[in-house]
Amino acid sequence: MEKNQNCCLLYDQEVYVMTEDKLALRETEEELGIPTGDIDVWGGLPSMPDRQRKQLITPVLATISDSSVETIKLQKSEVDHVFTVPLSVLCKAENRRYTIFKGHPYAFPVYFGGPRRIWGLTGFILDAVLNILLNP
């Protein structure tokens, strides 16, 4: 995870470059201080290229306990900030917009309603997760 990227603990831990769930668990414990025993991995999404198209990112979907959120200990050299946003807020149409980045022919989702906007690759992954959860 790059410093200054969003780490949205709404539905899972942030996106990591990984080949398996255990790496995601280890990274979450190292970077956020959440014990692996407090994380319930549901599964992963298909890998996707980063914005430079130099490596693949594999999102892992998991839940954590409320007590884990309250005791997060950021590894400041790895993670700039963490925040939560309730699903009920993200599901409101007025909190979802789109933007087009230079050099990309398609629109990316941007979510509002929390302390910061959720956009870029995190917004794209969040949009995919919400579509899976809400449109089975």
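What covers the buried residues of H1? Strand E1 (39-44) and strand E4 (60-64) are included in that cover. The model is predicted. Four helices and six strands make up the protein, in the order α-β-β-β-β-α-α-β-β-α along the sequence.

**Overall figures**
- The protein has 136 residues, and 37% of them are buried.
- Among contacts with a separation of 6 or more, 52% join residues 24 or more positions apart.

**Helix H1**
- Helix H1 covers residues 21-32, 12 residues in all.
- At 1.5 Å a residue, H1 should span 16 Å, and its end C-alpha atoms are 16 Å apart, so the two values agree.
- The buried residues of H1 are Ala24, Leu25, Glu27, Thr28, Glu31 and Leu32.
- Viewed down the helix axis, these buried residues fall within an arc of 165°, so they line one face of H1.
- An α-helix has 3.6 residues a turn, so residues three or four places apart point the same way.
- Glycine 33 follows H1 and has a positive phi, near 75°.

**Largest nonpolar core**
- Eight residues form the largest nonpolar core: Phe83, Val85, Val89, Leu90, Tyr111, Ile118, Leu126 and Leu130.
- Helix H3 (87-90) and helix H4 (120-134) are the elements that each give two or more residues to this core.
- Leaving aside residues up to four places away in sequence, valine 89 touches Asn95, Phe112 and Gly113.
- In soluble globular proteins, nonpolar side chains tend to be buried together.

Terms used
Residues are numbered from 1 along each chain as its sequence is written. This is a predicted model: local features need pLDDT of at least 70, side-chain atom pairs count only at pLDDT 80 or more; totals for chains, interfaces and linings use all residues. Side-chain values use heavy atoms; hydrogens and water are left out. Buried means under 20% relative accessible area, exposed over 50%, partly exposed in between (1.4 Å probe, protein chains only). Contact means heavy atoms within 4.5 Å. A nonpolar core is a set of buried Ala, Val, Leu, Ile, Met, Phe, Trp, Tyr and Cys residues joined through side-chain atoms within 4.5 Å. The expected span of a helix is 1.5 Å times one less than its number of residues. The arc is that of the directions from the helix axis to the C-beta atoms.
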